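Student: Please take a close look at a single part of this model. I would like to know how that part sits within its own chain.

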Amino acid sequence: MTVHPSPAALRALRVEAPPGFVDAVMDRVGLHESDRFVTVRGPAGDLFVAFNDSGISAVMPAALFDDDPKKFALHHRRETGRPAAPAARPPTGLAAALRSGRGTGLRYDLSGLTPFERAVLGKTLEIPSGEVRPYGWVAREIGRPRAVRAVGSALGRNPVPVLIPCHRVVRSDGHIGNYGLGVPMKKTLLHAEGVDIDRLERLADAGVRFLGSDTTGVFCVPSCVHATRIRPAHEVHFRTAAAAVSAGYRPCRHCTPVAERHAS
Amino acid sequence: MVALRSDTAVLDGLADDLDAGFGAFVRAHSGPVYSTALRLSGSRAEADDLAQETFVRAYRSLRRFDAPRMRALESRPWLLTITLNLWRNRLRHAARRPREARDAPGAEGADPRPGPEAAAEESETSRALVRLLGELPEHHRVPVVLRHVVGLSYAEIASTLGCPEGTAKANVARGLRRLRELTGAAPHPVSRRIVHAKEAP
């Protein structure tokens with residue numbers, strides 16, 4: 001038989017390593033593939049933060065485990081099926097993200113979640129520190145305006161709270177709402193980043209959902225950084241976005257209180 | 001979510017935390033290392049062993065590297081140098097061992113690539129080619145495998161073999177020419193490629 005030892009024929013001799021090869025190597029060097037975790041100071045007490053190759057995979061308040069790393073590792077294994085070993089150093093950017101309240105620069109391992117859950121968390125990640133958005137806003141922004149309840153459930157399954165700030169998502173009537181780690185923790189986190197919770201609750205009780213400025217003619221959600229700059233004398237209250245629009249106000253481009261198409 | 005990471009990202013992972021980043025490093029380079037080991041040794045069992053041992057040695061060395069040295073690593077040449085040394089040592093130690101094991105036709109499992117027909121044909125061609133490769137002297141076989149099977153650049157081959165780039169190029173060309181001579185048919189329709197790769201004498 002004639003063989004043409006062409007580069008293409010030689011290239012066909014390239015193979016992948018057999019299945020299980022990586023595991024075999026990792027076993028031999030004593031590194032069973034596992035997540036690793038660190039204990040870091042968070043905005044509301046210490047946090048256990050687990051991570052792997054793909055990114056950060058879990059965040060949990062250390063207090064929930066009596067500050068015991070072993071208890072956290074056990075819990076992590078039950079939740080993810082992966083062991084968690086203490087790491088020498090936290091993942092790059094973690095400390096900065098916790099300090100600034102901006103988790104957008106980190107990578108996350110959300111592989112156990114559905115595409116919808118990932119979309120919800122991705123949008124939630126964009127909410128700036130010190131501000132809150134209603135569940136309905138998240139639903140609308142990811143193109144599923146009717147899935148408000150599903151957004152709530154997805155946020156309840158957030159494996160990386162604090163970093164993906166599900167504590168910044170509140171009820172559509174403006175009340176603080178529930179939180180997977182408990183309402184007191186939600187309030188502590190929001191307070192730590194400068195949210196005036198009492199004021200938000202007062203506005204919610206009065207049925208006020210939007211604030212406008214009669215000097216700029218712009219209306220915002222109450223926690224928007226632009227709304228907090230409105231001087232009391234120029235602050236106008238609205239119960240609905242429609243009322244604001246019909247009064248000649250335009251929605252803020254930062255907090256997008258209504259969908260884009262209503263803006264024009 | 002992240003399927004493939006660039007070499008820089010993999011090395012950054014190593015430098016950040018060797019134990020945490022080593023899995024990605026093994027995944028990124030297991031194909032080239034295993035392919036080299038298989039095409040040099042000719043047996044899957046031996047290739048598995050050689051390739052695993054390569055990464056075990058690499059891990060031990062990396063434990064002594066500092067972060068800047070890890071980031072500056074030329075991964076493939078560095079790893080393949082280890083593979084080559086391991087392979088040469090074994091050849092030396094096993095010089096008395098009979099050769100049949102390496103040339104046994106059954107040693108090559110079918111390659112599950114294109115359609116069943118093409119695959120059958122390809123594996124037959126491949127088996128023949130593997131036999132021919134085995135007949136090349138080491139100083140020709142290694143450069144041909146590194147260049148055409150694994151797909152290393154000439155600079156990487158030179159770095160792996162510790163020779164000038166020109167020498168690497170010349171040995172690849174000579175090896176390929178020798179391979180064609182071994183097939184029996186002297187001047188080939190693909191000879192233009194030889195001219196292209198050939199160095200001035």
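## Chain B and its helix H1

Tutor: In chain B, of the contacts with a separation of 6 or more, 61% are between residues 24 or more positions apart. This is a predicted model, and what follows is computed from it. The chain has 201 residues, and buried residues make up 35% of them. Its secondary structure consists of 11 helices and zero strands; read from the N terminus, the order of elements is α-α-α-α-α-α-α-α-α-α-α.

The part to look at is helix H1 of chain B, which spans residues 7-16. Four of its residues are buried: B:Val10, B:Leu11, B:Gly13 and B:Leu14. Viewed down the axis of H1(B), the buried residues fall within an arc of 150°, so they line one face of the helix. The cover over these buried residues includes three helices of chain B, namely H2 (18-41), H3 (44-62) and H4 (67-71).

Four strands of chain A form an open sheet, ordered E3-E2-E1-E4, with mixed pairing. Strand E3 (55-61) and strand E4 (84-86) are the edge strands, each pairing on one side only. Direction ignored, neighbouring strands of the sheet are turned by 35° against each other on average. Strand E1 (residues 35-42) of chain A runs parallel to E4(A), and three bridges join the two. A:Phe37 has A:Pro86 in E4(A) as its bridge partner.

Key: Residues are numbered from 1 along each chain as its sequence is written. Chains are lettered from A and ligands numbered from 1 in the order in which they are written. This is a predicted model: local features need pLDDT of at least 70, side-chain atom pairs count only at pLDDT 80 or more; totals for chains, interfaces and linings use all residues. Two strands pair if DSSP finds at least two bridges between them. Axes are lines fitted to C-alpha atoms, for helices over the stretch in contact, and angles run from 0 to 180 degrees between N-to-C directions. A residue is buried if 20 or more other C-beta atoms lie within 10 Å of its own, exposed if 12 or fewer, and partly exposed in between; C-beta atoms are placed from the backbone. The arc is that of the directions from the helix axis to the C-beta atoms. Two residues are in contact if their C-beta atoms, placed from the backbone, lie within 7 Å.
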